[in-house]
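Biologist: I'm new to this one. Could you show me how to read it, feature by feature?

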Amino acid sequence: MSLETWEEDLPALAEGISEVLVEECDPRSVHTFFDGGNDLDKALWARAAELGFLGIGLSEEFGGLGFGARGLDVLYRTLGRAMAPGAFVPTLAAAQWLEQVGPEDLNASLLPEVVAGERTFAVPFALDGEGVALNDGRLGGTTPLMLTSRDATTAVLSVKREGAAAFALVDLAGVGFVANDIWDHTRLVGRYTLDNAEPLAVIDDVDGTAAATLRSNVALGIAGDCVGGARAIADQTIEYLKQREQFGRLLASMQALKHRCAELMRAVLEGEQALDQGVEATALGNPAAHMWASLAKALAAEKFFFVADDCLQLHGGVGFTWEFDAHIFLKRALLNRELSGNNAFHRDLAARHLAEADLAGVSTAELTT
Amino acid sequence: MILEKVDDETAYRGALREWLGDVLRAPEATPTPGDHKSYVSSQRWWMAERNKVGLGTPHWPKEYGGVGLSLRNQVILAEEIVRAGGPSLGLFTVSLNHLPATLFHHGTEEQKTRYLPGVSQGVIWCQGFSEPNAGSDLASLKCKAVRDGDHYVVNGQKIWSSYSMYADYAVLLTRTDFDAPKHKGITFFLLDMKTPGVEVRPLIQANGLAKFAEIFLTDVRIPVSDRVGEENQGWAVSQTTLSSERGVLSFERNERMRYHLENFYHHARESDAAWLKDDELRREFMRLFTELQGCRRVMRWLMKENEKGGSPVANGVVPFVKLINTELRKNIGEFMIRATGPDAQNFVPDFDELSTDPVFTYLTGLGGTISAGSSEIMRNIISERVLNMPKG
């Protein structure tokens, strides 16, 4: 149950996406992918392209469905529920960002390729450092840590051009990549090594708007993954307690465990509410949208970890096995806390935003919608 | 007039602001802190002032003397009153919410005509439900009512009854059948608090307020015409009464908490408070700020759903709202104590319901996690009725 974001004309589409994922991204396939035994990431990507889901957030002029931030949110939550692997968050967050900050001609050539499933993006793991120096229009050396996917076609890099902040889009064909061997095998994180690469495009970011927008887009994607994942593992755990008997009774009848389940669902709902606020503020172009996106990411990631951790514990011994889903959700929760900047980083960003608003005499009532 | 402008939000808000700016200048708007008499007369004054502009019982249907104000416009009214720093109508909580919820559904025509119009004239009602041995397990109540001709004779004790020392009437739950299963032997009454045998003793709460009291009932005679519903059918009636403890009332309280948190932050910025430079405390504040906004969202969503006639999803959200809202108020108060530092430990003797003292805020929040269904009861309801986990 998500609240206001789902109230409009999205439910039918959400239902469609959910059906596809239930069928094609079932836990068994995810476990096999986790152990390197299938190409679920590519299969899902191809299917999503075929069904038009990749354009859910983009405008119709680029071949998209025009649902904007709300549409993307529905997709991210559903992918999170299914522990889905693939290029979704980095690609769709970057594509949406291009539509927001990129030049028209670049968008006209790149975005239809995203919708068709032919172009995938890698984005910075966290936009919290200095950009890479752009020398004579070219980039060399090892990139900062990136959130990417197998066969990603294009990297979005934070760069400095003559000392000024900018973003470079770099073609990744033939570029060396070293993956970090992370605990969460459903996602791909690593560094590219560029050899005097000439960017496809450079987008100036004198006032930091492009960086803030990309950061918010990725943050909302990660937050969507968090609330989807939290609800899925909480539901699954409560169902498990309704089946499992010990001491001659169902675990679900024990008050100590029932109260914990109530707290799990409260955490799920709180994460969802924070994200609803972030998505709504973004969709409506609220001036405080970046603040709400940061706050949503921090809270959703915190709640997802709390839920995933306790759900593993509530499963007991089987929860601790590689074969059960609980550890995959937990590892996704751990990675999500760090992605797009950790929760402390996001709260500090939001605090600066709030302080500026307070200084300007804007009340929190005006920051909310 | 305000009510003529409800169809145009800007004009409606404008009219409310004009009225509030004017009416809240009266000395009665600011009761003397710590002075109960001053509080009660301020509350009666506020009800009278609201009534003058048609806002005494605006959420009631027209047939019962209300104006059938839409939920959206009730929310705007609450927002504007809170924004202007106006008083709550705390003394009239039962009069405005529990009494009408009960009588609209279960009252006789005579009971409705007799009791409802008094509310906008300042008649105070209280609730006689809980007993020393029937708190969370309300259905085990033992206050005894025995039929005697056209009256019932009531003996027993009630507790945690807010403002009963000022109340003119009470909604009362009694046991009329001690042999039936506990939910099937309860009868619901309307009690005139001036009836001989009614004695009220105030209790001082942990937050320093003497808001609730014990009610002792000794051979109290209640006419049969003041019974609501049939004999032994009172439990179902009481569920209607209790379901009214939500909606705009909690929304208004939550809005006050939002202003309280906002002012706390604003003053911290103005005074360059140390906690703003403390990473842990500042981040904790941002988390509470997020959670409060989430709580506002879910409350607004729930009110909207309920106006449409509710839904299974909406019903499932009700216990979460109580749990989230009250736990959050407690946590915000507790945060304010740590952020304020040793100064928060200073006891400020003269305070009232709207005091922003950190310890008072925390303790009042703590009280909220106990009253009207404790957090533990909410967790029972969530697990059993929403998550369908079996009873233990």
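Predicted model: local features only at pLDDT ≥ 70, side-chain atom pairs only at ≥ 80, totals over all residues.

Biologist: What is the phi of D272(B)?

Modeller: D272(B) has a positive phi of about 55°, even though it is not a glycine.

Biologist: And is D272(B) buried or exposed?

Modeller: D272(B) has 8 of them, so it counts as exposed. D136(A) is not a glycine either, and its phi is positive, about 50°. With 6 C-beta neighbours inside 10 Å, D136(A) is therefore exposed.

Biologist: Now helices. How do I describe a packed pair?

Modeller: Two packed helices are described by the angle between their axes and by the distance between those axes. Take α7 (residues 209-243) and α10 (residues 326-338) of chain A: their angle is about 155° and their axes are 10 Å apart.

Biologist: Why are α7(A) and α10(A) called roughly antiparallel?

Modeller: Angles over 145 degrees count as roughly antiparallel, and theirs is about 155°, so α7(A) and α10(A) get that label. Their crossing is left-handed.

Biologist: Which residues of α7(A) and α10(A) meet?

Modeller: On the α7(A) side they are I222(A), D225(A), C226(A), G229(A) and I233(A), facing A326(A), F329(A), R332(A), A333(A) and N336(A) of α10(A). By class, that contact has 6 nonpolar, 2 polar and 2 charged residues.

Biologist: Is α10 (residues 358-368) of chain B mostly covered or mostly uncovered?

Modeller: Mostly covered, since a residue is buried if 20 or more other C-beta atoms lie within 10 Å of its own, and 9 of the 11 residues in α10(B) are buried. Among them are F360(B), Y362(B) and L363(B). The buried residues of α10(B) pack against α7 and α9 of chain B.

Biologist: How many residues are in the largest nonpolar core?

Modeller: It has 161 residues, and A296(A) is one of those with the most contacts inside it. Leaving aside neighbours within four places in sequence, A296(A) is in contact with residues including L220(A), A223(A) and L275(A). Apart from that core lies another, of 45 residues, among them W46(B) and W125(B).

Biologist: Last one: how many residues of each chain touch the other?

Modeller: 28 residues of chain B are in contact with 33 residues of chain A. On the chain B side, α8(B) gives the most, with 11 residues. By class, that side has 12 nonpolar, 6 polar and 10 charged residues.

Notes. Residues numbered from 1 in each chain as written. Chains lettered and ligands numbered in written order. Axes fitted to C-alpha atoms, helices over the stretch in contact; angles between N-to-C directions. Helix = DSSP H or I, 4+ residues; strand = E, 2+ residues; numbered from the N terminus. Parallel < 35°, antiparallel > 145°, perpendicular 65-115°, else oblique. Left-handed = near helix turned anticlockwise from the far one by under 90°. Contact = placed C-beta atoms within 7 Å. Nonpolar A, V, L, I, M, F, W, Y, C, P; charged D, E, K, R; others polar. Buried ≥ 20, exposed ≤ 12 C-beta atoms within 10 Å, placed from the backbone. Core = buried A, V, L, I, M, F, W, Y, C linked by C-beta atoms within 7 Å.
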